[in-house]
Amino acid sequence: ASAKASSPPSASNTVIYVGRLSPEKGLTNLIAAWAKASLDPPHRLLIVGDGPHRGALQRQAQSLGLREPEVTFTGWKDPAEVHDLLVSARALVLPTIWYEGGGCPVSVVEAMAAGRPVLISDIGGMREIVNHTRNGLCIPAGNVDTLASALRRLLFTPAEADAMGAAARVDYDAKYGVEQNFQSLMHIYEFALKRAGKNAERATF
């Protein structure tokens with residue numbers, strides 16, 4: 001299981017997106033919302049990942065006067081690096097604009113494990129995990145004004161962000177803690193059974 005972050009969400013002014021940079025992810029809306037929300041430094045948007053939309057998104061950010069470090073494109077990061085970025089962020093944002101299938105993104109689970117609130121669009125499997133105003137914020141897909149307001153809410157109400165982050169960790173433990181322990185136990189059993197089978201084969205021959 002992922003380690004709990006040592007500091008609360010309010011210790012950070014960074015909002016992070018993790019995923020593929022492609023049109024369905026709603027990143028055009030995210031950048032527009034960031035500009036609309038007038039989130040000046042030290043507030044920071046970190047866009048982690050790569051994909052066919054990266055160049056267009058970087059040009060959009062520049063055209064809106066959003067430059068590094070205010071809006072930073074990190075490119076692809078390995079899972080350990082993503083984890084470190086998540087535990088040092090205020091919140092995770094996933095502004096998807098159409099349903100992709102496949103359930104809940106791993107980054108949502110990882111953010112909850114780190115005690116970070118999650119800002120999502122009200123579509124797909126994420127709705128089953130993110131409870132609006134309890135462990136994050138759930139907003140209509142594609143609405144830039146609402147997304148801007150939600151970003152400001154996360155960044156300018158630190159006590160609420162901390163409360164949602166704490167609830168996210170509690171919900172992670174309740175939903176995934178036992179399941180992960182069970183899966184770990186199953187892997188141990190499978191390993192033991194395979195080793196016992198190999199030992200039996202050696203004894204036979």
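How close do the axes of α1 and α2 come, and at what angle do they cross? In this predicted model, where local features need pLDDT of at least 70, side-chain atom pairs count only at pLDDT 80 or more, and totals for chains, interfaces and linings use all residues, the axes of α1 and α2 come within 10 Å and cross at roughly 15 degrees. Residues are numbered from 1 along each chain as its sequence is written, and side-chain values use heavy atoms, with hydrogens and water left out. Helices (H or I, at least four residues) and strands (E, at least two) are DSSP runs, numbered from the N terminus. Axes are lines fitted to C-alpha atoms, for helices over the stretch in contact, and angles run from 0 to 180 degrees between N-to-C directions.

The two helices α1 and α2 are therefore roughly parallel to each other; angles under 35 degrees count as roughly parallel, over 145 as roughly antiparallel, 65 to 115 as roughly perpendicular and the rest as oblique. The crossing in which α1 passes α2 is right-handed, a crossing being left-handed if the near helix is turned anticlockwise from the far one by less than a right angle, and right-handed if clockwise. Leu27, Thr28, Ile31 and Ala32 of α1 make the contact with Leu57, Gln60 and Ala61 of α2, where contact means heavy atoms within 4.5 Å. By class, the contact of α1 with α2 has 5 nonpolar, 2 polar and no charged residues. Here Ala, Val, Leu, Ile, Met, Phe, Trp, Tyr, Cys and Pro count as nonpolar, Asp, Glu, Lys and Arg as charged, and the others, Gly among them, as polar.

Helix α1 (residues 27-36) also meets helix α5 (residues 144-156), with axes that come within 8 Å and cross at roughly 60 degrees. That angle makes α1 oblique to α5. The crossing in which α1 passes α5 is right-handed. On the α1 side, the contact is made by Asn29, Leu30, Ala32, Ala33, Trp34 and Lys36, and on the α5 side by Val144, Asp145, Leu147, Ala148, Leu151 and Leu155. The residues of the contact of α1 with α5 divide into 9 nonpolar, 1 polar and 2 charged. Asn29, a residue of helix α1, is buried, with a relative accessible area of 19%; buried means under 20% relative accessible area, exposed over 50%, partly exposed in between (1.4 Å probe, protein chains only). Apart from its neighbours within four places in sequence, Asn29 is in contact with Ile97, Gly142, Val144 and Leu147.

Helix α2 (residues 54-63) has Leu57, Gln60 and Ala61 buried. Viewed down the axis of α2, its buried residues fall within an arc of 100 degrees, so they line one face of the helix; the arc is that of the directions from the helix axis to the C-beta atoms. Arg59 and Ser63, on the other side of α2, are exposed. The buried residues of α2 pack against α1 and β3 (71-75). Just after α2, Gly65 takes a positive phi of about 80 degrees.

In helix α3 (residues 79-87), the buried residues are Val82, His83, Leu86 and Val87. They cover an arc of only 125 degrees around the axis, which puts them on the same side of α3. The packing partners of the buried residues of α3 are β1 (14-18), β2 (44-48), β4 (91-94) and α4 (106-113).

Most residues other than glycine have a negative phi, and most peptide bonds are trans. In the loop between α1 and β2, which holds Ser38 and Pro42, Ser38 has a positive phi of about 55 degrees although it is not a glycine. Ser38 is partly exposed, with a relative accessible area of 48%. The C-alpha atoms of Ser38 and Arg152 are 8.8 Å apart in space, while the two residues are 114 residues apart in sequence. The peptide bond from Pro41 to Pro42 is cis, with omega near 15 degrees. A further cis peptide bond runs from Glu68 to Pro69, with omega near 5 degrees, and Pro69 lies in the loop between α2 and β3. Thr133, in the loop between β5 (118-121) and β6 (136-139), has a positive phi near 70 degrees, in a residue other than glycine. With 38% relative accessibility, Thr133 counts as partly exposed.
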